[in-house]
Amino acid sequence: MKTISTVLAGLLAALSFGAFAQTDPALAKLKPKGFPDQPIEYTVVYPAGGGMDLTARILAKFVEKASGDKVLVNNRAGGAGMVGHSYLATQAKPDGYTVGILASNFWGDAILRAPGKWSLADVESIAYINSDALAWVAGTEGPFKGKTAKEILQAAKDKPGTVRAAVVPGSMWEYLLDQLEAQTGAKFLRVPFQGGKPGIVALIGGNVDVAQGFYGEFESYLQAKQLVPIAVASAERVFNMKDVPTFNEIFGTKQFVWNIMRFAVVPKGTPADRKAYLSAMIQTALQNPEMMAEFRRLGAYSDASFAKSTNIAADIQAAAMKERDFYIQTGRLKP
Amino acid sequence: MDAINGLMMGFSVLFTAENLYFCLLGSIVGTLVGVLPGIGPLAALALLLPVTFQLSAVAGLGMLAAIFYGAMYGGSTTSILVNIPGEAASVVTALDGHAMAKQGRAGAALGMAAISSFVAGTLSLVALTFFSPLLASVALKFGPPENFALMVLGLVCTLYMIGGSTLKGVLMIALGFLAAIVGMDIVNGQDRFTLGTVNLSAGIEILSVVIGLYGVSEILMNCETIVKNQMLAEKIKGLWPTFADWKASWKPMMRGSFLGFFLGLVPGGGPVTASFVSYTLERRIAKDPERFGKGAIEGVAGPEAANNAAVSGGMIPLFTLGIPGNAVTALLLGALVMQGVQPGPMFITQRPDLFWGVVASLYVGNVFLLLLNLPLVGLWVQCLRIPYRVLFPLILLLSIVGTYSANKNIFDLWVMIGFGIVGYVLRKLQYEFSPFLIAFVLAPMLEQSLRQSMVMSPDGLMIFAHRPIAAVLIVGSLILAALVFLKRKSKQPHGDL
Amino acid sequence: MFERILNVLWCLLGLATMVNSWSLGLTGSFGPESGFFPFICGALITVCGLGLLFKGSKEAVLKPDWPRAAALGRILGVVAGLIAMAATLPYLGFAVASALTTFVLLQTVERSRLVESLIITVVSVAVVMLVFGRLLGMNLPRGPWGW
């Protein structure tokens, strides 16, 4: 069935595009001999259909177009990413056929939960993909309707432990709140959820007062005027939320930067030529304005400091170290 | 745009060669995937998701949704024929369905399963057509306290499923609960009972449990008594449901549809829970419940209706709120997003063509499935006459690959084998598995909801008193639980609990 | 007798669970913590295990229908086959591992004739590979020879 349906779908696609895709010549020059002779697996550590998965599938589609090689997306979900992270760090063969599509919460697992089993050094970053900034959203009904972020923080300070905030335990949801509470003296009641989306749904149902999430997760509710983003934890204002202030603007600081950064890795020890080719495949796809448009539609943006980096592995490592410093600073990690 | 006009538009959108073809394809794949033990709609959807990116939205979504429904149709096939569930949502069907097959009435069971699925699918779609916006607000009202209350109700239903020894039944419930807890605690990220291996960090895979406990143990049981050319059913007593069957089944079908629809609609429900609750309900209100487990067709009609209706129910929060109730609807959400659509409160008004096109595709898909499954009944029944020694390697291999398909992890196979051996031993000692399975399914949501509610609540357990829906459900559960224990005590006057 | 052992095992399992849950923490600032529900489960298991132990004959299956020699052999054979399959799958790849296991099972457990075993093996493995590998597009494990 898959062969039949793929063939039919391919025919339809070809008919509608009018031509078969041209592979990129510059990329073809970098192709090692005899590689790849089987599909390359893009490992996604989250369930199919989620934001990470969709990013990987869009990327795979355009990488296939640019290189002419077959790319299969495989989900290895579980343990909030831990299962897939462990697989990439310890079990995946470094033969160039496995590429991990990760998000920056990989660092949390690597630094806090993996010591003794594996570490950051067990994978090598090969490309940056995109980023998604964490935003605060408040409902358009209820006691906090129309309030700004500062006002909500004030309320949480005046009545500590009564303002309910949705969090995903052990992740940047909590780190942002930690920083804000340290900055303002506020104290939130943290209601745990499994992801950003359930928290946002709880917000609309009136079960929490403020939620945190990515644009793609709450866009449909924003359009239905059921919530509004009130602040964003990014360095600069984000393209799809131009009139939403950043936390740093509100407080005049630089520390409130929490975003999901998506990047690609290969297991340590992958041969250099294959690694270079895999990296180039993604870089070439990133030049395609169609793909960037699809990413933007999902709500993600391209962080220039990473997109224009000349040594992406070093820059990603530096970002990981910054997070490590945060963990030490907040007592989560003993130096 | 009102519902009738919308539906008209939907059908006009649907009737293109591409859309209809992929709807049919999805139905076939879904049935196949349902019939195969182990592999379920989730795996099939994940595999075929990339194909939908090149299709029109209606074709792509129509295909995926048809797979989901199809799996509910097909899942009962192996349950009835060989007592090995094709799908977690078809576990209950095996209880009476297989008993019927052994009496030579597999045809009636299979036929009634298909018809119940069709009736439930269509009725629930009608509800979706006319009441989506209204029902959406119901789904939204279910916050953590309500979810907890619903899970408690489900757990009480589990008590009803205990046929034999109460102690053994409660033991199974506790074990099921514990098995579900194995893994990472989502509230604080702590590993629980994972025995140090990262493979258990994700928890025990439900497919391993279902196939191992039900499938492998069944194969072991059969191997024991195999006689050279034994077939699964010696005599085939007619292919179609009799008039008496119809008379007995139509009310369970209706009840199952209604129940399943609501259990699919609310978070934490879903086809598996719906099938169990329906079975429990039918057994509870039957005039002669001893028939259940021995070939009562109500035990097939009700659950089969419920699991199909739950699929439609799950579509409502997906389309009207953008909330996926389970992993399968999460995939459907992903497919929609890839098509450039953000399902949510504005979806129906912004893209009526897409929404109604998909709804039309669901109606047509159900018809395709009925037309597909009914003639197949004859074929399946013939399979029963194949000597077991020829069937058994195929079933074994299919079970192994089916379980492997979940996470592509060999560890799941070991878990399957472990549960198979344990299952075999427990069957000999007359333990029942249904309480284990339903506890396994309900536990995660139950625990999570309770802990979330406790965090949210300014006054501890009293939060349940302040929330009317939750309060009603909990009181209902307590009453039902009391009734269960009274009934059991009265049934065994010798004081033997 | 076997059932007695099982009941003791339940008690041990229940107690071990309770101890483990205790160390996970039973209640925190907001009510139940990680160990709360497992503790209850452990307690229930222990209680039920004890109940089954002491209710003795009333609860036990009077004569569990344990398999006799030949049947036991068949069962152990199937279990061994499954274990062999799971153990060799990563190394031999799906095709070979399943073919070997199926063939051996058919010859020993089912006592089929040689030719018949071969045919059933080949057909079964082929069907499964076709359905899952081709039709559904799944990547079945490959052996060192690429398939």
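Within chain B of this predicted model, helix H6 (residues 106-140) and helix H15 (residues 352-383) have axes that come within 9 Å and cross at roughly 175 degrees. Since an angle over 145 degrees counts as roughly antiparallel, H6(B) and H15(B) are therefore roughly antiparallel to each other. Chain B also touches both other chains described here: 53 residues of chain C are in contact with 44 residues of chain B, and 44 residues of chain A are in contact with 45 residues of chain B.

**Helix packing inside chain B**

- On the H6(B) side of this pairing the residues include B:Ala106, B:Gly107, B:Leu110, B:Gly111, B:Ala114 and B:Phe118, and they meet residues of H15(B) that include B:Val359, B:Leu362, B:Tyr363, B:Asn366 and B:Leu369.
- Further along, B:Gly121, B:Thr122, B:Leu125, B:Leu128 and B:Thr129 are also among the H6(B) residues of this contact, while B:Leu370, B:Asn373, B:Leu374, B:Val377, B:Trp380 and B:Val381 are among those of H15(B).
- By class, the residues of the contact of H6(B) with H15(B) divide into 15 nonpolar and seven polar, with no charged residue.

**Where chain B meets chain C**

- The axes of helix H17 (residues 410-428) of chain B and helix H3 (residues 69-108) of chain C come within 10 Å and cross at roughly 170 degrees, and H17(B) and H3(C) are therefore roughly antiparallel to each other.
- This contact is made by B:Ile410, B:Leu413, B:Trp414, B:Ile417 and B:Ile421 of H17(B), together with C:Val79, C:Leu82, C:Ile83, C:Ala86, C:Leu89 and C:Pro90 of H3(C); the residues involved are eleven nonpolar, no polar and no charged.
- Over the whole side of chain C that touches chain B, at least two residues each are supplied by helix H1 (2-24), strand S2 (31-32), helix H2 (36-55), H3 and helix H4 (114-135) of chain C, and the largest share, 15 residues, comes from H3(C).
- The side of chain C that touches chain B has 36 nonpolar, eleven polar and six charged residues.

**Organisation of chain C**

- Chain C is divided into domain 1 (2-58) and domain 2 (69-135), and the C-alpha centres of these two domains lie 39 Å apart.
- The axes of H1(C) and H2(C) come within 7 Å and cross at roughly 160 degrees, and the two helices are therefore roughly antiparallel to each other, with H1(C) passing H2(C) in a left-handed crossing.
- Among the residues that make this contact are C:Arg4, C:Asn7, C:Trp10, C:Cys11 and C:Trp22 of H1(C) and C:Pro38, C:Phe39, C:Cys41, C:Cys48 and C:Leu53 of H2(C), and the contact as a whole divides into 16 nonpolar, seven polar and one charged.

- The side of chain A that touches chain B draws two or more residues from each of helix H1 (2-17), helix H3 (51-67), helix H4 (82-91), strand S7 (189-192), helix H8 (196-204), helix H9 (215-223) and helix H12 (289-298) of chain A, and the largest share, seven residues, comes from H1(A).
- By class, the side of chain A that touches chain B has 20 nonpolar, 16 polar and eight charged residues.
- The mean pLDDT of chain A is 86, and 93% of its residues reach 70 or more; over residues 14-20 of chain A, however, pLDDT stays under 50, and the model has one contact beyond four places in sequence for that stretch.

Key:
Residues are numbered from 1 along each chain as its sequence is written. Chains are lettered from A and ligands numbered from 1 in the order in which they are written. This is a predicted model: local features need pLDDT of at least 70, side-chain atom pairs count only at pLDDT 80 or more; totals for chains, interfaces and linings use all residues. Axes are lines fitted to C-alpha atoms, for helices over the stretch in contact, and angles run from 0 to 180 degrees between N-to-C directions. Helices (H or I, at least four residues) and strands (E, at least two) are DSSP runs, numbered from the N terminus. Angles under 35 degrees count as roughly parallel, over 145 as roughly antiparallel, 65 to 115 as roughly perpendicular and the rest as oblique. Two residues are in contact if their C-beta atoms, placed from the backbone, lie within 7 Å. Ala, Val, Leu, Ile, Met, Phe, Trp, Tyr, Cys and Pro count as nonpolar, Asp, Glu, Lys and Arg as charged, and the others, Gly among them, as polar. pLDDT is the predictor's confidence in each residue, from 0 to 100. Domain bounds come from an automatic or database domain assignment. A crossing is left-handed if the near helix is turned anticlockwise from the far one by less than a right angle, and right-handed if clockwise.
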